[in-house]
Amino acid sequence: MKNATVRFGVVVFPGSNCDHDAYQVCKKILGQDAVFLWHKEHSLQAADVVILPGGFSYGDYLRCGAIARFSPVMQEVAAFAADGGLVIGICNGFQILVEAGLLPGVLLRNDSLRFVCRHVHLRVDNAFTPFTGEYAPGEVLTIPIAHGDGNYFVDERTLRELEANGQVVFRYCDATGAVTPEANPNGSLANVAGIVNAEGNVLGMMPHPERASDPLLGYTDGRRLFDSILDHVMSRVVPTSFAEGTFVQQK
Amino acid sequence: MMKSALVIHGWIPERGAMIHSRIHVTLRPSILDPQGKAVSHAIGTLGIAGVSTVRMGKYVEVTFEGNDVAAARAATEEICRKLLANPVMEDYRFEVENEG
């Protein structure tokens, strides 16, 4: 089945500030359909893919993402995800997904206590998800981060499960792809930068692929994440098992 | 004047029927607390010795109308569990006080 265009729904919370970036990428760079979804809406307007953008939803009150998950639109997003719909949470969107229980773990204050805003290297640890099909397993990407609370934490047992299932999609690494403490910008457990749920249809990541999609900005490694989504939605090809795509670092 | 007007309308304000929940949300012991660590260092530079650890948390007061302490306790429990604390990283405890 071929869709003419893919419709991206970009959720807008009070305090979202990467919503227009995501919208521009979908609309102008990818040439697809895109709509904004206000947090009070009860409909996803027939979106094929939902993006929870970065920002400071509800002023980061209580905990980052803690209030946003109670908004009406998030009930729709949860139902959409449960139905197998593709959801990607970027930065604050990732924080919202963990608070909503759509992804495991939590994002703590950066261990440096500093807001970190710079380009980092990411290693693609699973290239067999709907979000990473255009990448090579183990490929090193350059994508910017901009957050104060990106320190991924989860209990040890769950981390082992995530790794065994190939749910760790991106890790912070150095330019050669080595996952080292020095390459970890925020203290994240096992250098985790992005994960998917067990079904593989919900991705959360702290780095901003939408800020590395327009050639004008100098970096385009993020673009292929959106291209991967397009491939997936247009062809409806589901990887037989995304655990097969797990990249294991050579010792 | 105001007083008699209220009586005429049959409305006597009820005073004091309130319950306070005093809630503490703290990081679980297994969670690193860089904020607490920074404060601990600052205490050191204050010249105060003998502090081994500092752990930061949140203090929340919730006030309920009425005087049903059992209901307030149950509601507080639910508020903590579903909203105020994230069980992955935080614990909570609270006391409920009837200000009769």
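Where in chain A is A:His39 found? A:His39 sits in the loop between strand E2 (33-38) and E3 of chain A, where helices (H or I, at least four residues) and strands (E, at least two) are DSSP runs numbered from the N terminus. The structure is a predicted model, in which local features need pLDDT of at least 70, side-chain atom pairs count only at pLDDT 80 or more, and totals for chains, interfaces and linings use all residues. Residues are numbered from 1 along each chain as its sequence is written, while chains are lettered from A and ligands numbered from 1 in the order in which they are written.

**Chain A overall**

- Chain A has five helices and 11 strands.
- The C-alpha trace of chain A spans about 45 × 40 × 40 Å along its principal axes.
- Of the 251 residues in chain A, 55% are buried; a residue is buried if 20 or more other C-beta atoms, placed from the backbone, lie within 10 Å of its own, exposed if 12 or fewer, and partly exposed in between.
- Among contacts in chain A between residues at least 6 apart in sequence, 77% join residues at least 24 apart; two residues are in contact if their C-beta atoms, placed from the backbone, lie within 7 Å.

**Helix H3 of chain A**

- Helix H3 (residues 92-99) of chain A is mostly covered, with eight of its eight residues buried.
- The buried residues of H3(A) include A:Phe94, A:Ile96, A:Leu97 and A:Val98, as well as A:Asn92, A:Gln95 and A:Glu99.
- The cover over these residues of H3(A) includes strand E3 (49-52), strand E4 (86-90), strand E5 (106-108) and strand E11 (202-205) of chain A.
- After H3(A) comes A:Gly101, which has a positive phi, near 80°.

- A:His39 is partly exposed because 19 other C-beta atoms lie within 10 Å.
- Not counting residues up to four places away in sequence, A:His39 touches A:Val11, A:Val12, A:Phe13, A:Pro14, A:Ser71, A:Pro72 and A:Val73.
- A:Glu182 lies in the loop between strand E9 (168-173) and strand E10 (192-196) of chain A, and is exposed because 8 other C-beta atoms lie within 10 Å.
- A:Glu182 and A:Tyr61, 121 residues apart along the chain, have C-alpha atoms separated by 31 Å.

**Sheet of chain B**

- Three strands of chain B form an open, antiparallel sheet in the order E2-E1-E3; two strands pair if DSSP finds at least two bridges between them.
- Strand E2 (57-65) and strand E3 (90-98) of chain B are the edge strands, each pairing on one side only.
- Strand E1 (residues 18-27) of chain B is joined to E2(B) by nine bridges, and B:His20 has B:Thr63 in E2(B) as its bridge partner.
- Helix H3 (residues 69-84) of chain B packs on the sheet and touches E1, E2 and E3 of chain B; its direction makes about 160° with that of E3(B), where axes are lines fitted to C-alpha atoms, for helices over the stretch in contact, and angles run from 0 to 180 degrees between N-to-C directions.

**Interface**

- Nine residues of chain A are in contact with eight residues of chain B.
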